[in-house]
Amino acid sequence: MPFLNVPDLIRKKRDGETHTRAELEQLVLGYTRGEVPDYQMSAWLMAVYLRGMTPQETADLTLVMAESGEQMNLAGLPRTVDKHSTGGVGDKTSLILTPMLAALGLTVAKMSGRGLAHTGGTIDKLESFPGWTPELSESRFLAQAREIGLALVGQSKDLAPADGKLYALRDVTATVDCLPLIASSIMSKKLASGARTIVLDVKVGAGAFMRTLEDGRALARAMVEIGTRASRVVRAVLTDMDTPLGHMAGNSLEVQEALATLRGEGPQDLTELCVALAVEALAAHGEAAQEAQARARATLQDGSALAKFRAFVGAQGGDVTLVDAPERLDVAPGRAEVLAPSTGYVHRIDALAVGRAVLALGGGRERKGEAIDHGVGVELLKKPGEAVEAGEPVLRLYHRDGRGLDAARGLLAAGLNVQESPLVPEPLILDRVN
């Protein structure tokens, strides 16, 4: 192996020069093995933050990170597809979309994460079903994916371990907000997860990591280009996250709303997004958009997506009786409301405020490993654009013995804006990149 001169690599990036794939392998894998100290890697990360990376460098970095540990081999499964959201509030899309895709003849064998801070996690939501487990052996995982078309497990520490180490360092060196590092972090795990088709839901707005449409487009383009250079089919949809998706935020509440959507009775914004993402997955496999949309909608009307979800929950040990009786899911008994301060139209329900309110109630975690209350959350009784009377309930809080109630209510009141003038809400789907 060539001699690793880390100061020379730092200088090279500091001066705006381009790394080779071999240089990135030496640096990143050396850091993963503990041969490169934090202080040198921190200097290199800051150089990347200030100087950026070319598309080829970003793709090479992503592949190096993806190949730094175990990689899932899905070659024996037909028409594999993975879906990733960049994080939002009330985003229960995976609970609906993945069984839709399975019902459409695609195979979803994926890893999902837990929630952190104001964003929710798919694993947390699914653990609202007593007995459901994200722990599957590789053989059982692959067999379930082949039989049902859907298997979902928790993220493995052995998958792209370089990303885990680099992210922890970025978090304490003010280098998280760097486009090539964000794109490579997300895509390294997607590439290591093995699916040939990847559909990305890039959130934009107050409750998202990318606050502006311009930044969202840049991230989407970077991730699509990485996938293309890695011989994967990647399609991205940019969606609004100024307002929470659907009406529910909080684990059990979101599961109830997801089940309603799988029965064809869900809120319009959530239903339309799931259909749009399913269309992207089918289009990536060569299906015409009009036919794909009709087939995707049919899975929510004919019970086929719900049947896949029921089979999936049961296969991973969950109580399937709750799929058909979602009112029995654990929901916190306490109720409180935030009222409209005046008569007019709802102009804003800040997604970040809603996410932080759920966190205050105990429905999220500020550190990895913390226990959460699946039953607490927030319900949007009104959405932006709807008329309200002064004193009318706009938001409902579900709490347990008043824990965090005052803080949550204050956050929601501060994030609510009612004005006299009507409002035409922004479209949910802002753009597409493929």
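Modeller: Let's start inside: the largest cavity is lined by L61, M65, D163, L166, R170, L181, S184 and S185. Keep in mind that this is a predicted model.

Biologist: Okay. What makes that a cavity?

Modeller: A 1.4 Å probe fits at its points but cannot get out, and that is the definition of a cavity. The volume of the largest cavity is about 40 Å³, and the structure holds 1 cavity of 30 Å³ or more.

Biologist: Which elements give two or more residues to the lining of the largest cavity?

Modeller: Those are α4 (55-66), α8 (161-171) and α9 (179-192). By class, that lining has 4 nonpolar, 2 polar and 2 charged residues.

Biologist: On to the helices. Why is α16 called largely enclosed by the rest of the structure?

Modeller: Of its 11 residues, 9 are buried, so α16 is largely enclosed. The buried ones are A351, L352, A353, V354, G355, A357, V358, L359 and L361. They pack against β6 (248-249), β8, β9, β11 and α17.

Biologist: And α17, which of its residues are buried?

Modeller: In α17 (residues 405-414), L405, A408 and L412 are buried.

Biologist: How do you know that they line one face of the helix?

Modeller: Look down the axis of α17: the buried residues fall within an arc of 70°, so they line one face. On the other side, D406 and A414 are exposed.

Biologist: What do the buried residues of α17 pack against?

Modeller: Against β7 (334-339), α16 (351-361), β9 (377-380), β11 (393-399) and β12 (416-419).

Biologist: Why does C178 count as buried?

Modeller: Buried means under 20% relative accessible area. C178 is at 4%, so C178 counts as buried. C274 is at 0%, so C274 counts as buried too.

Biologist: How many disulfides does the count come to?

Modeller: The count comes to 0. The rule asks for a pair of cysteine sulfur atoms within 2.5 Å.

Biologist: Does A174 count as buried or exposed, and why?

Modeller: Exposed means over 50%. A174 is at 61%, so A174 counts as exposed.

Biologist: What is the phi of S231, and where is S231 found?

Modeller: Phi of S231 is near 65°, again positive in a residue other than glycine. S231 is found in the loop between α10 (213-229) and β5 (233-240). At 56% relative accessibility, S231 is over the 50% cut-off, so S231 counts as exposed.

Note on methods. Residues are numbered from 1 along each chain as its sequence is written. This is a predicted model: local features need pLDDT of at least 70, side-chain atom pairs count only at pLDDT 80 or more; totals for chains, interfaces and linings use all residues. Side-chain values use heavy atoms; hydrogens and water are left out. Buried means under 20% relative accessible area, exposed over 50%, partly exposed in between (1.4 Å probe, protein chains only). Helices (H or I, at least four residues) and strands (E, at least two) are DSSP runs, numbered from the N terminus. The arc is that of the directions from the helix axis to the C-beta atoms. Contact means heavy atoms within 4.5 Å. On a 1 Å grid over the protein atoms alone, a cavity is a set of points where a 1.4 Å probe fits but cannot get out, and a pocket is an open set with protein on both sides within 12 Å along at least five of seven lines; lining residues have an atom within 4 Å of a point. Grid points are joined across faces, edges and corners, and a volume is the space filled by probe spheres set on the points. Ala, Val, Leu, Ile, Met, Phe, Trp, Tyr, Cys and Pro count as nonpolar, Asp, Glu, Lys and Arg as charged, and the others, Gly among them, as polar.
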